[in-house]
Amino acid sequence: SSHLGSFWLLRWSLANVTHKMEDLLSQVKPDVLKSRLKDHDVGERVGSLMEIAALGNTIVADQDLADAVAILLGDGEQDVRIAAIATLAEMGDVGHVHCGRVVRLLDDSSPFVQRQAMKSLAVLGQGVGNATIGDAVAAKFSCRDPALQSLAIETAAMLRLDTFVGEIAALSDSEHIQVRASVLAAIETMKEKATPHVDRVADRLVEPMLRASALVVLGSLGEVCGSRVDDMVVFLEDSDIQTRHAAAKALGALSSYVDQAVVERVSKLLQHRNPRFRATAAITLGLLGEAKASKFSEVLASCLLDSSCHNDRILEDRYPPSLRKPNCAAARALGHLGETGGSYAHLVLKQAVSTPDDEMRMACLEGLGDMGEAGAKHAGRIALFLNDREPSVRAVALSVLGRLAKYHLEQEVVGKMSLTLDDQILYVRLQSISALSNLEDVDSTVMHSISSFLGEDDVDITLAALDALCKFGKACVDHAQSVVALLHDKRLEVRRRSVEVLGFMGETDAGYVDDVASLLNDPYFAVRGTAAVALGSMGFAGAAHSEELVQLLSASRSHVRRSACQSLGKLALCGHQLVEQAKSSVEECLKDEYETVREAAREALKFIT
């Protein structure tokens with residue numbers, strides 16, 4: 001078999017197999033998959049492993065199948081070993097059992113296998129004690145393969161192996177840039193544990209390729225970096241737009257440590273001859289907030305008229321207009337300046353109305369949304385942009401009105417928002433559903449319009465409608481039967497979200513409780529767990545299925561066991577009668593290998609008598 005690019009080929013293949021997961025599940029036979037794992041043909045073994053990986057979250061992927069996959073960790077072909085490692089990582093709890101065997105493959109003869117083992121340990125190691133794999137991961141910090149070193153650093157950070165933070169920080173002087181980059185990412189993840197090593201992060205500011213990453217990390221470390229803000233201001237004039245953006249965000253994150261002299265230095269950049277630097281200065285002042293930058297609000301307001309920019313298609317595709325255009329940056333900055341910025345809402349709105357620039361209209365609308373109550377006073381004018389010729393502007397207007405919904409929008413505005421449910425552009429309709437779901441008092445007409453999307457073939461529209469109904473909770477109980485009709489939809493996430501919506505409707509006459517209980521046997525563990533949680537919200541009708549919930553306490557998936565504990569505990573809390581064996585069964589979960597299950601059991605036993 002070919003060893004070139006096998007790891008990336010596997011990732012591509014897994015993505016394509018996963019896309020057809022639903023069809024695959026209807027045809028799969030575990031015994032056939034196991035027999036194919038023993039096939040003499042390498043391609044057949046790898047193909048079978050990829051199918052199993054795609055089925056990783058289903059009831060088909062049991063411990064027996066995981067054990068059969070683990071046998072191939074010792075296969076003579078590196079491609080098979082790589083596929084077996086990746087597959088176990090996709091199989092959840094049943095794959096975690098073989099974490100120790102994957103650890104041993106960190107010393108495999110193939111560097112490709114070593115890398116896949118290290119990458120997968122970031123997942124497999126979540127299910128076991130970190131001490132069992134920490135030393136093995138850390139041992140690769142000093143290996144000669146920079147790709148493996150980087151993966152070891154990233155895995156240690158993901159597993160929160162904080163005891164090794166010093167060793168990780170020391171690698172910031174590595175000769176390999178990918179290793180140095182991984183060190184920065186790890187320090188950002190470990191945060192407070194890594195603060196003693198802040199100097200090593202600051203040392204990377206001299207390195208153009210890592211400067212932006214270093215600034216982001218410094219901004220995330222808080223007080224320990226407060227004395228370094230003077231050193232960061234200079235990077236607002238860096239030739240790299242990503243570095244300038246990182247410097248702006250870092251200064252914003254550390255704003256409480258920024259003195260007025262630094263703010264003055266930032267404000268002077270509003271006069272820079274390069275419009276991109278003026279944009280950076282404006283957005284930085286906004287991120288510094290009202291307490292630090294309110295005195296420059298008048299200057300920022302004048303920047304609303306500064307429409308100059310350097311046209312660059314690459315920058316336009318990669319970075320938002322607030323980093324490229326001074327007027328867009330000023331609109332967003334005023335939105336961040338609280339009450340002071342809100343006093344300029346009328347000027348921001350005026351620019352939105354008068355500008356022919358789509359990006360400026362969107363920036364102005366976003367700025368008004370950030371102004372909160374001051375922006376909400378102009379909701380009627382913002383609603384006019386729901387008819388904008390540019391779909392992106394319509395979508396942003398909807399997003400902004402959705403954020404302002406907590407300020408009680410006029411019914412006329414809500415009516416205009418509802419009309420966009422019929423927009424010709426899909427993402428505008430999606431944003432319309434999302435925005436309307438933020439309304440506190442939704443009338444029956446709007447709710448009916450949203451529930452009508454439940455029958456759409458487009459999965460994104462269906463899920464958006466379900467998300468909206470989930471927010472409405474008991475208020476949408478009249479549409480329960482439309483949701484029930486989706487409980488046996490062939491799409492996994494549609495089923496999961498449907499049962500979640502019914503759970504949020506809470507204790508009603510629960511005429512659909514048996515339909516929800518039927519999903520306790522769904523092929524996908526995520527659906528089974530969600531169904532269990534939903535039953536816990538259905539009162540007496542849900543308690544009638546407590547025996548089935550007790551049976552889930554011995555499920556192979558920790559997520560399902562935890563959900564069953566939570567459901568039984570909630571039913572008991574509400575005073576509903578459970579089956580006799582509920583208490584003893586939950587007590588058994590106190591010995592579970594997963595802390596999340598043990599914690600759920602302890603909480604449930606506070607109420608189960």
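Me: What should I know about the numbering and the model?
Reply: Residues are numbered from 1 along each chain as its sequence is written. In this predicted model local features need pLDDT of at least 70 and side-chain atom pairs count only at pLDDT 80 or more, while totals for chains, interfaces and linings use all residues; side-chain values use heavy atoms, with hydrogens and water left out.

Me: At what angle do the axes of helix 4 and helix 6 cross?
Reply: Axes are lines fitted to C-alpha atoms, for helices over the stretch in contact, and angles run from 0 to 180 degrees between N-to-C directions. Helices are DSSP runs (H or I, at least four residues), numbered from the N terminus. The axes of helix 4 (residues 42-54) and helix 6 (residues 78-90) cross at roughly 10° and come within 9 Å. That makes the two helices roughly parallel (angles under 35 degrees).

Me: How do I read a salt bridge?
Reply: Side chains of opposite charge can pair when their charged atoms come close. The rule asks for a side-chain nitrogen of Lys or Arg within 4 Å of a carboxyl oxygen of Asp or Glu. By this rule there are 37 salt bridges.

Me: Are R36 and E51, which meet in a salt bridge, buried or exposed?
Reply: Both are buried (under 20% relative accessible area, with exposed over 50% and partly exposed in between; 1.4 Å probe, protein chains only). Their side chains meet at 3.2 Å, N to O. R36 lies in helix 3 (residues 30-36) and E51 in helix 4, 15 residues apart.

Me: Which residues are linked in a network of salt bridges?
Reply: D173, R180, R200, R204 and E207 are.

Definitions and conventions. Parallel < 35°, antiparallel > 145°, perpendicular 65-115°, else oblique.
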